[in-house]
Amino acid sequence: MAKNKFGFSIHHDRQHNLDTADRNLYNRIALVEPSIQRCIFCGGCASTCTASKFTDLSFRLVSLNLRRGYIDEVKEMVARCMLCGKCTMVCPRDVNIRHLMVLLKKEFSENEF
Amino acid sequence: MNFDPFVLPFLIGMIYLLIILSWRYFKWLDELKVSDRAKFIRGIFSLNFFKAIRDVFAESLFHRKVFKVNFFLGLMHMSLAFFWFLLIVVGSFESKLFSKYPFNAPYDPVFFRFFEHDFQNFGAHGWFTFFMDFFLLVLLIAVGLAVFKKVHSSFFGLKKATRHRFVDRLARIFLWLIFPLRWLAESATAGIHHNGGFLTQSTGNVMASFMNLWYFEYPLWWLYSSALGAFFVILPFSRYMHIPTEIILIFLRRFGIKNDKEIKGFANFEIQSCSSCGICISTCQMADAAGMHGQQAVYYLQKLRFKRNFEDPVFNCLMCGRCNFYCPVGIDIAHLRDLNRQKMMPTLKNDHSYLDKEVVVQVENPVRVVYFAGCMSHLRPGTTNAIINIFEKAGVDYVFADKDGSVCCGRPMSILGATEEAQGMIKKNTEIITSSGAKVLVTSCPICLKMFRENYDLPMHVIHHTEFLKMLVVTKRLKLKKTTESFVYHDPCELGRGLGEYKDARELLQYMGNPDRTSFKKKRSLCCGGSLANLRIRADQRQKITADAFEKLTRRNPDYLITACPRCEQTFSTVADRTVMDVAELVEMNMID
Amino acid sequence: MIELKGKERIWEKYQKEIPLDRYYYARSCIRQNFWPGSETTFIKILEEELGKTILDEEHHTTCSGIAYHCDVIPQETTMTIVARQFSLMCESGYEHFVPSCITSFGIYTEILETWNEHPEVEEKIKRMLMEATGREFRKPKFLVHPSDVIYALRFDILKKAKYRLVNAKTGEPLKCVEHVGCHYAKMFPDKGVGGAEFPRVLMGMIEAWGGEVVDYPERRTCCGFGFRQYMVQANRGYSIACTKRKFDSMEPYKPDLIVTNCPGCPFFLDRWQYVIAEMEGKVYTEDGYGIPVLTYEELAGIVLGYNPWELGLQMHQVSVEPLLKKIGFEYDPLDKFKVGNQTILTLPEAPGVLKV
Amino acid sequence: MEETKKHVLIVGAGIAGLEAATHLEELGYKVSIIEKQQVTGGHVKNWFKTFPYFDASEAIINFAERSLSKFDVYNETQLTYAERNDNGFKVNTDKNKQFQADAILLTPGFKVFDAHKKEEYGYGIFQHVITNADLEKYFRNGWPERDNKNLRFGFIHCVGSRDAKSGNLYCSKVCCATAVKQAIEVRQHFPDSEVYCFYMDLRMFGKNYEEMFQAAQEKHGINFVRARLSEVNQNFDNTLLIKVEDTLTSRPMKLTLDYIVLMSGMEPAENAAQLSQIFGVPTDESGFFAPEKYLVSENNTVSEGVFVAGTATGPKTITETINDARSAALAIHHYLSHSRIPTEHGKE
Amino acid sequence: MGELVDRLKADVRIKDSLHACIHCGTCTAICPAASFYDYDPRELTSTVQDIVARGDDKRLIELLSSNYIWYCGECMSCKTRCPRDNAPGVIIEALRALAQETGLFAESEKGRQQLMIKRTLGEWIVDYGYCVVGDKMLLEMFPEQGPNWQWVLDNIDLVFEKQGAHYQKEGNGAMRKIPKEDLDELRMIYKVTGADKRFKTIEEFSKKKAEEMGIQFDESHDCEYFKHVYTFNSNNK
């Protein structure tokens, strides 16, 4: 934010606008791995996550941010996943989280297919 | 020399086949890396050459391995292969002995009866006609079996027969035609010239009794020759390519040539050696328990052969290695799958930089043993606690490396084909583990163990806790009592077929009692369904596999199902109707001072 | 499409008793500084037009509400200052307290509520006031905001009206945006005419005087004062962002004017239009003048045909002339920046973007 | 014979009243029902389908009315007066119809929360803000207009429930399942539509409710957002703009909708207070009838001979209501055959 | 343990405005601060509720030392909506009061701004009788006032006179001079009700902080620290 003669600049609006949210990635992913639709955001994945012991990684948030179109947040988190698969083992809704993580990692990797 | 235009189809077909084969084999051999080619040359002039020949008899002709799976299946394959072989060998002797010409054409043994009618002056001939007819009879029975198998595959121990492609079906028709046609052609000749044996002569007489064989004999020989020719022409493009290829493969194996980093050279021999027998289908739990089809080895190799899209069979696989074990040709399918996984998986965008920032490496005074539980073990605190208690009791000088959370060993990533991306984790873990200064690394997770052994370079013994606990008992640092409960032991894929570790767990268990007998042990053990290797399988399909495996393992109704892998433990406990536990837990229960 | 009967159903629920005479007036910190004309006009309308008695005495002070909501002074301090105001009211024999400011109105309401909830607090304040000033007080019989009063008297004003909120050329009613101060009814919905969700107080005036109210999505949103959020330069980005959200939301309705009943709101709705124009070159009207922002007294004054420059419209940064022209108001443009002995003063410097 | 029959008067001919009547009649009692509406069946009659099996509400009604002919129903009748005498109760109605009853069963049912009270939701102000009850009407009688292209629906849970501002602190229990049911129906009715459910907690407590919820997510692609509606506004183009917090990402959120469906909760029936006053049956702080003893004796009341059943004692599902009615019938039977279920003050 | 929390609980505003939160977010949905700052009144409420329930002084101190309690604009829109009758905006008032009494306000960038507010309208009240003193709101400090305001300031008494205000005059009316006795009463009220005490604490801890931060500090309005807290915004970079 650049300063100006008034000594302040107009704050950015955090309010999320679901009308303009980009849901394409979510839809694309849900097509390949429909189980993501079953997510109830319980956070079991995040609490068991091996990586979350050391860094911010929560599939629960990935799942939400995908739906809300916060792709950058998703990108950041997904990159931290080590694919150990514990999350998938504890998911009460049998969401194939590990597959979703791989799909997303692929999405964000240079050579997609 | 004998000649008649009807031999042409056969002759052309055979020449054509020989050219194709030699061209292909030369190309594939040429693809071998220099060292392997050297092995090849050396091999030819070594004892291995003869061992190979023995193998060829055992496998390609007698189909030893197939007999293991099912007697009738073995019998069928053996009769077809071995007796055809005899027909050819004995046939050529016969033609050598009785040909009226000095020069003996390659098709002589095949059409011998057509050219030679008149053997009065040779006594021994009766024996030949007898044997040749006998071989033919066996072959006809074998073809009969094959046709029968088509309708009743279960009778041959195959739950589901392979779905063949058109070329293969066509080739099979020609193959099945060859022997009946030979029979008819020879019988026709015998009907006229009385040169047949117990089979051909009698059929010939019957035929003569109601038809004018002069009209039929010649066309029949044409048909016979054409069937052969057609079969030869189609062979290189059909699964029957395995007949010649497997022989070369056996030699290469004997010469110690293995698969390389890429799918070429040796891999081609393996791929083409698959007879599509379909044994891998019924031994694949995905097909057997979960009713999934199209991903099994036979289809993967089929797709590889015919350059179809093989993405699904590559990734939609538990990589349990059962098909490897059961494959009669001994093709290393898991490896062929892995090669493509590594090739097809794009570089995954990872950011594991936090590992260096966040994970603290405690450099305390060095210990003898470093214990690495592994991510999965943290889902089974029962197991890790047991290990720690045992260590304490036995006074082991140890450090619990991943007490406050593990860094993934990297196998879950590498098994998907992203080995490179796991480097960060490998580096970090190496740092953590070596910082302990220990002589021995004990892990509870076979998945980690495999990774540590194959992708890490650790300056210490890397063993599974079963081995370590056994050692504690052997060296009397730990005493165990017999347990009153009955139990069955499940070999985890990664530990068993993956690393060949079968004995330690068993010896350890022996101190506490005898595991129930089960036919699903060691190399025959089942996958629990929890495999990390398959991302595509649905949760409900996994469930089926797990439930099925659990049912099979607990048929003798043991009190416990014992295993040595936290992942198996976790997976089984989701369907278990009885206690599932790790060997370590049982040991903890039965420790005495 | 909006169903009016739905709103009426709600308004019936919030019928507030408004005394029609004998008001004790308390001036507003902000308004007397920035809109002195409005306060003057309020008194003028009541006394001259409608013959009411309203006491505007010298001893009362701020209610300290802004300082209270900037959290620099303790609640007790504010309560005691408010108690002092009440005591002044009692001294002068009045019972209807009319604070010019919405923040004050909120403060008084909140304090009276708290005292009802917790009599011990009232007792404490009684003691404190006594200790500090030797004063005693009684709570007012009625606490109403001037906008309540004008609302209650809107039709009496209409009787004397010279102008309507109607486009003189087309005869179309003017599109008016009403902005009701947050502290008017949001804290205690039943204390405001029409409640918190669809306040009637300004709407009633607009409709009575011929205008048409536009209901836009961000109608309820705060003007962005946020007390400390404006007072401290470092925080003003919040204040202006808030106001901008309102303007972006009302823009498609092409409003002719904005009416407010709060001291701060007209200030921010006026000044931030200027700043947004300076910062982003954005003006919210096609004519480039911006949307005129009025207090309800100024609006009433215009309707009654008062001299706009005595109403203090020249103190606005956004010019009101386009609005006056629309309703066909006859005024002397030269008088705008004249005062006292009619000497022409230096004109204010023109802003960078907004037309004047 | 007729004379010797004991007489039970039931107030309210919803499914509770009807079900109880059916059983009491079978047990050999003379049964009369007074109903203030023109028709029997209560609220269920206004519904289209029921959760979680999507059975038509007609089926429920037909079941509840299976022996309607066997007892007297007085429609459009309101109880105005009752007094206790030696042989039970003397009851009078606005139609001046007199009853002499041995026992009284109160099944006045519930009242759908008046969504107008939630002013910020704009019910009655914005045309396309409707309630769950309105939606059922739409399903039954067809939609007012035919603009079914890519409509966006928002279902708002907990309207008038769990809300101090509307004076109801309790959970109305059935709205969550109803919302999910209606959301699915909407998706089936408008295949191009996009449906959002704004919930605070999804109380899928019953058998097959959770399964229905999962189907809503997976099969019908319904979006569930954990949020409570804060306010509704109308956009320039007359679509509706809602403001909520996306509580799971802790961010304010706005969304444009074409229809907003308010899941109005259950409140005590209008005449509950009057009845409680007439028969001396106390009510709890929410205005529902207070039973003689919670958990163990919910059909008896402290007022001897007066029984309660159905949603008059608190929100209930159809299943619960029907079961409750049956147990009430049994309680009355015990009472009239002088063998009451022993209760706290029975022991005394 | 919990004696700071007890002080918070003693505040009547906490008694009235803090009840069990159901995390519905109706407050955050319409909270301007939640949109324009990284702030969430719902989370604030439940945090405070938690702190109060556990008597967790440590967390309370953390909270009071943070920017988090200074984002709210006290528009009180939240109070209208809450289904549990909470009022995050009012809770904030109690927290800010405590933060200043304990001096913890000086620990956060936004909290430190209190000095500027104290030295302006805090003092104006007793000096002039009103929170806002127009002729002190010069364009240097309030540039958004715009050219018209500059014009007003240049001709202040005439302009006000035209609008019937009595700028700095005896007697009643807008902008009048407040009689000394009334100002004295206000001063006494400040003294009795603890405003003076709070002002002292604000000055005292600001001074300490200024030294800590190595920024020049004195009683005047143009000392470095005053300017710093008035203008510094770490997000405006």
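Me: In which sense do strand E1 and strand E3 of chain B pair, and over how many bridges?

Reply: Please keep in mind that this is a predicted model. Strand E1 (residues 369–372) and strand E3 (residues 440–443) of chain B pair in the parallel sense, over 4 bridges. Within this pairing, Val369(B) stands opposite Val440(B) of E3(B).

Me: What is the order of the strands in the open sheet of chain B?

Reply: The order is E2-E1-E3-E4, so reading across these 4 strands of chain B one finds parallel pairing. Strand E2 (398–400) and strand E4 (461–464) of chain B are the edge strands, each pairing on one side only. On average, neighbouring strands of the sheet are turned by 25° against each other, direction ignored.

Me: Which strands of chain B does helix H23 lie across?

Reply: Helix H23 (residues 446–455) of chain B lies across E1, E3 and E4 of that chain, and runs at about 160° to E4(B).

Me: Let us turn to the interface. How many residues does the contact take from chain C and from chain E?

Reply: The contact takes 94 residues from chain C and 86 residues from chain E. The area buried between these two chains is about 7700 Å², and carbon and sulfur atoms give 58% of that area.

Me: How many salt bridges are counted between chain C and chain E?

Reply: The count is 7 salt bridges. In one salt bridge, the side chains of Arg96(E) and Asp71(C) meet at 2.9 Å, N to O. On the side of chain C that touches chain E, the residues divide into 43 nonpolar, 28 polar and 23 charged.

Methods. Residues numbered from 1 in each chain as written. Chains lettered and ligands numbered in written order. Predicted model: local features only at pLDDT ≥ 70, side-chain atom pairs only at ≥ 80, totals over all residues. Heavy atoms only, no water. Contact = heavy atoms within 4.5 Å. Buried area = accessible area lost by both parts, 1.4 Å probe. Salt bridge = Lys/Arg side-chain N within 4 Å of Asp/Glu carboxyl O. Nonpolar A, V, L, I, M, F, W, Y, C, P; charged D, E, K, R; others polar. Pairing = 2+ DSSP bridges. Helix = DSSP H or I, 4+ residues; strand = E, 2+ residues; numbered from the N terminus. Axes fitted to C-alpha atoms, helices over the stretch in contact; angles between N-to-C directions.
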